Amino acid sequence: MMGLGRAVSALILSGILLCSVPLRADEAPWLPVSQVMSELARNPDFVEALYRRLGRDPKAGGILGPDEIKRLREMILGKDFEGLDRFPGLTVQGMGRSVRLAGAMLDQSGDDGFPPQPAMVEAAVEAAVDEGLGIPAVGTPPAPDAYLRPLGFGLEAGDRVDPALAERYADGRRLAELLNRLSLNAAGGGGRHRVVLDGRTLDTPRALMETLALGGHDVEVRDSRYFANFGDLIYHGRDVLTPFWIDTRLPVPGTDRNLLVPVSHSQHELVVRGPVVNADLSFYFGIDGQAVFRPSVTRDQAWVMGRVAHRYRGEEAMEVIRLAGVIVRAYDAIKRRHPELPFGGYYALGVCNDVNAMIELRMRGETTLFPLTLDPQFFTDEGEVGRLAESLPLDSRWRAVADPRRILGSLPVEDLAALPLPSLREDLEKVRAALESGRLPRPGVGDISLLGAVAAGLLVAGLWSVHLWFVRRRR
């Protein structure tokens, strides 16, 4: 699962860092990162490995300077581990500056240390290409630990495979491949990639899914929300709770603090069941810089929760699939025009939420997602997608005010009582009560300083490669 950012603190750990033990009945399935750090910091070998990884080996996952290493040492030696549980606490605008600084630093290095990443979407064809459905597809389900990497010190990083999804993974991968290829067909003609099915020649994602539905397949699209999890850490068999905290600039009523919330992840999930195709896909713009249909195969950590905000079936489902295909083509075209964008355009072209907000805006007349970061200047030549991008309530604009309704709407739970973080639950309850009564205070004006942005930029640039290693390995 991808999003604006997973906890930088978790990425710090994953840069240097499972072995399973049974849980006691009274144990929660997750641990706060502060507890993990407090335990590991007792081990001098761990502390030295952490400093070495972050401060002395940029290709291995860190390019922190002396000041940042000094701060980290002070936090560990001072046992200020609880501070990691709400780190980094950037505003959306501050995060944007950090990403730009990180991108500039990577440009100067000229190399991220990795071989070129294979794209999930291929170039548009110049001549007509016809092929069959190719489902049931041939393929061996991934092993349960296929995406886990032991990191030492009792830690693993990565995702566990979901056994049920793994059984359908080959079909899901093939269906995602077809939908992405068909999405690249130009609306005005030219070379066409086509699928021949039931005597029909199909050249759009919607046409393919409509034909499957006519053939007895059930098709549902779910607009789902989660907490973003970039850490994907497991410590002695227990998930490590590593949200990426963002400062909304909204005051918490009755306090002198701004509301900090974990960044959300959203995706539209395509669920297909029928006599031939049984597949699970997700659609979002990921940290790999691609807005595409993706096969689902991994199981989320329990603390990210999960909520379906909207369900689409029938004609509505087909319209969502059509628009998702248009978005795939638009993002592909923008990235070809702007190869200079760092991180594959991530943040400048939005985060996971932006493409899903476009779909929600088209289907519901408004969006309930936060944060949204895309820069509309890149979308001016993209017709329908450009108009949707321009209509989004963007949070990256200077002095943009976070909409508390979208903050609440992005949460992965219906009932705040289900949130795994008591302090977050209390703050959100205060904000919601003030909103409903019309007494919500005016937004604060706090923002991170330039120095803070530089430090965060160092973290983003240095630690991006760590997470990208996992993304590329999964490909």
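These are my notebook entries on a predicted model of a single chain.

**Entry 1: the whole chain**

I began with the overall tally. The secondary structure amounts to 14 helices and 17 strands. Of the 475 residues in the chain, 58% are buried. For the accessible surface I noted about 19,600 Å², with 52% of that area belonging to carbon and sulfur atoms. I also wrote down the salt bridge count, which is 28 for the structure.

**Entry 2: a sheet of three strands**

In what order do its three strands lie? I read the order as E3-E6-E7, in an open sheet with mixed pairing. Strand E3 (129-132) and strand E7 (200-202) are the edge strands, each pairing on one side only. On average, neighbouring strands here are turned by 30° against each other, direction ignored.

I then followed the pairing of E3 with strand E6 (residues 193-197), which is parallel and runs over four bridges. To find my place on the screen I used Glu131, which stands opposite Val195 in E6.

Which strands does helix H7 touch? Helix H7 (residues 169-183) packs on the sheet and touches E3, E6 and E7. The direction of H7 makes about 130° with that of E6. Helix H8 (residues 205-214) lies across E6 and E7, and I noted its angle to E7 as about 145°.

Is Glu220 buried or exposed? Its relative accessible area is 8%, so I list Glu220 as buried, the cut-off being under 20%. Both arginines come out otherwise: Arg222, at 25% relative accessibility, counts as partly exposed, and Arg313 does too, at 41%.

I looked up another pair, Arg225 and Asp223. The closest N and O atoms of their salt bridge are 3.0 Å apart, and both residues are buried.

**Entry 3: a network of salt bridges**

Then I turned to a linked group of charged residues. Arg206, Glu210, Glu315, Glu319, Arg322, Arg362 and Glu384 are joined in a network of salt bridges.

**Entry 4: the nonpolar cores**

A general reminder to myself: in soluble globular proteins, nonpolar side chains tend to be buried together. The largest nonpolar core here has 91 residues. Which of them touch the most other members? I listed Leu175, Leu208, Met209, Ile327, Tyr331, Met358 and Phe379. Helix H9 (residues 314-337) gives the most to this core, contributing eleven residues.

Setting aside neighbours within four places in sequence, Ile327 is in contact with Phe283, Ala291, Val355, Met358, Ile359 and Val385. There is also a second, separate core of 15 residues, and Val36, Leu40, Val47 and Leu155 are among them.

Another cis bond joins Phe370 and Pro371, with omega about 0°. Pro371 sits in the loop between helix H10 (352-364) and helix H11 (383-391).

I looked up two positive phi values as well. His236 is not a glycine, yet its phi is about 50°. The loop that holds His236 runs between strand E9 (233-235) and strand E10 (238-241). With a relative accessible area of 31%, His236 is partly exposed.

Met305, likewise not a glycine, has a positive phi of about 60°. I found Met305 in the loop between strand E16 (298-299) and E17. Its relative accessible area is 24%, so Met305 is partly exposed.

Terms used. Residues are numbered from 1 along each chain as its sequence is written. This is a predicted model: local features need pLDDT of at least 70, side-chain atom pairs count only at pLDDT 80 or more; totals for chains, interfaces and linings use all residues. Side-chain values use heavy atoms; hydrogens and water are left out. Two strands pair if DSSP finds at least two bridges between them. Axes are lines fitted to C-alpha atoms, for helices over the stretch in contact, and angles run from 0 to 180 degrees between N-to-C directions. Contact means heavy atoms within 4.5 Å. Buried means under 20% relative accessible area, exposed over 50%, partly exposed in between (1.4 Å probe, protein chains only). Accessible areas come from the Shrake-Rupley method with a 1.4 Å probe; for residues, only the protein chains shown count as cover. A salt bridge is a side-chain nitrogen of Lys or Arg within 4 Å of a carboxyl oxygen of Asp or Glu. A nonpolar core is a set of buried Ala, Val, Leu, Ile, Met, Phe, Trp, Tyr and Cys residues joined through side-chain atoms within 4.5 Å.
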